Amino acid sequence: MTTTTEKSVNPQAGKAGTPLLEVRDLHVEFRTRDGVAKAVNGVNYSVSAGETLAVLGESGSGKSVTAQAIMGILDSPPGFVTQGQINFQGRDLLKLSEKERRRIRGAKMAMIFQDALSSLNPVLTVGYQLGEMFRVHQGMSRKDAKAKAIELMDRVRIPAARERVNDYPHQFSGGMRQRIMIAMALALEPDLIIADEPTTALDVTVQAQVMDLLAELQREYHMGLILITHDLGVVADVADKIAVMYAGRIVETAPVHELYKQPAHPYTRGLLDSIPRLDQKGQELYAIKGLPPNLLRIPSGCAFNPRCPMAQDVCRTDIPVLHPVTDSRGSACHFWKETLDG
Amino acid sequence: MGRYVLRRLLQMIPVFIGTTLLIFLMVHALGDPIAARFGDKAPDPVVAAQIRAEFNLDKPLWLQYVLYFKGIFTGDFGTAFTGEPVIDLMARSWPVTLKLGLTAFVIEAVVGIALGLVSGLRRGRLTDTVAMAFTLIVISIPVFVLGFTLQYLLGVKWAVIRPTVSYGAPLNELILPGLVLASVSLAYVTRLTRTSVAENLRADYVRTAVAKGLPRRRVVTQHLLRNSLIPVVTFLGTDLGALMGGALVTETIFNIQGVGYNLMQGVRRQESATVVGFVTVLVIVYLVANLLVDLLYAVLDPRIRYA
């Protein structure tokens, strides 16, 4: 059941060169007291320089766990990568020593976390936390590192950076804190940034500002960006392609506009239908019935089958492979054609 | 900040008056100090009256207290029944207890935090299990049992140290008594640090520090430990006072003539001057230690600001 997605769609088809990051058949499990939770079950995706991949899914879909496995910050134990490859700039990260991976973390790939207040150290100044990147990775002096920190804060448009460099995280507003997180990720101009729900904890107006800033900086530095989110609204404007995850698998992958126009998986369709729309004001909002599966007991066959309006017998027995829909699209549904037409 | 400190210092005045009064009354309630001195024999009325007059015991209680309090401000803490001014007694015993208490404090802080950090980082593994079992045993053993056992084994049987501390209490002889005095607190510090470390280890900011590519050593010392120490510092601060006042058992075992030793003598002889004097200074030590903890809090955790 793990070979299902192996020779499926190559989302890079049509594009030249090898991708910056390529995740192949990644499996991650959490060995807990209650049993083994299979959080990631054969994920494949890739990101090129300058490209934005949005990974979409409910909580528990494995989107964050995949990101943590890429960064090498999985809580282990209980989390273990059991299978797969993570090729980054031509090297399989899973084969590197912890020391080698540490050098890559922060310098070549960086991560932006969801809640900046809890993700920044409450007892250290932002200047210290920003400067630490330069001091540790480049051996810079304390003074030079602080100058760099001020520069970075300017770069992410934090007003009065020079005066605020010695402030603590709690003295900033939510949006400003997230800018500091972005500045920290950007510090060493990495080639890949993973943003794990970067705007979830923010007000809607601030969300847009932070997203715009992130997109702008990505263009400027020509970085690959993996944007993890459950918010379809955030995705539409910034992403190039989308991978929709469910129960640790990618169920659909497509260029962003094609997916919005014509989903090829019932789950994606359900997600799109549950977005409130102005032209349907007053009507009851659609919701996907049921709950995300328990990762300790993933349903047999297609994991989505208990919630799927189109489920047939085959869905309860056979795990669908990621069928190529077009050159650049894939859907892991036995009835992708019907869904596409539907 | 300055205002805050000033306010805290001013708050000490009523506490100071209250405790002295309370202790004064409690000692008085113990009974007649003259009778206690003479034991079974009835005291000679003339001598008794003379002593009463000398120590103001013939005056009404409230006046005794006022006279005592007046004395304090002129540096006169009264006189012990031995004829020695209480202030001299304190000057002799406080340095000894201070040395013992600080030795214990350093042992408990350094060993306790180190042990707690290691077990917190390796929670559930062998090191942790052993450390936790060890602290549980230490907590369960009464201090005097531990004290006498170690004194017997190290001091008498194997004779690697002097069984009792010599006059003047040199620092090297205070290491074992310090360890005995620190033992229970050390176990608490270990457990407290361990819980705090294990909890903070899962914090988001630690994950961020790892994601930044920092070496593990730096993640632990700069990011994890500082946050984890906040509750530990509270305990250590309040314990500093307890170590000074609670050294009685240890001081008795190792024949150290410190505060606890003299305080006990005072209580036995029902000498209000000695007891009130020593306890008052103890109270002040407590208060100052608490103030220092609160100030250190603000240094450790910038989210706390005093105004």
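Biologist: What is the handedness of the crossing of helix 5 of chain B and helix 8 of chain B?

Modeller: In this predicted model, the axes of helix 5 (residues 86–121) and helix 8 (residues 175–201) of chain B come within 6 Å and cross at roughly 30 degrees. The contact of these two helices of chain B has 18 nonpolar, ten polar and two charged residues. The handedness of the crossing of helix 5 and helix 8 of chain B is right-handed.

Biologist: Which strands of chain A stand at the edges of the open sheet, and why is one side of each left without a neighbour?

Modeller: The open sheet of chain A has four strands in the order 2-1-4-5, with antiparallel pairing. Each edge strand has a single partner strand, so one side of it has no neighbour in the sheet, and the strands in question are strand 2 (35–47) and strand 5 (91–92) of chain A.

Biologist: Which residue in strand 4 of chain A is the bridge partner of A:Val23?

Modeller: Strand 1 (residues 21–32) and strand 4 (residues 79–88) of chain A pair in the antiparallel sense over eight bridges. In strand 4 of chain A, the bridge partner of A:Val23 is A:Ile86.

Biologist: At what angle to strand 1 of chain A does helix 1 of chain A run?

Modeller: Helix 1 (residues 63–71) of chain A lies across strand 1, strand 2 and strand 4 of that chain. Relative to strand 1 of chain A, helix 1 of chain A runs at about 110 degrees.

Notes
Residues numbered from 1 in each chain as written. Chains lettered and ligands numbered in written order. Predicted model: local features only at pLDDT ≥ 70, side-chain atom pairs only at ≥ 80, totals over all residues. Heavy atoms only, no water. Axes fitted to C-alpha atoms, helices over the stretch in contact; angles between N-to-C directions. Helix = DSSP H or I, 4+ residues; strand = E, 2+ residues; numbered from the N terminus. Left-handed = near helix turned anticlockwise from the far one by under 90°. Nonpolar A, V, L, I, M, F, W, Y, C, P; charged D, E, K, R; others polar. Pairing = 2+ DSSP bridges. Contact = heavy atoms within 4.5 Å.
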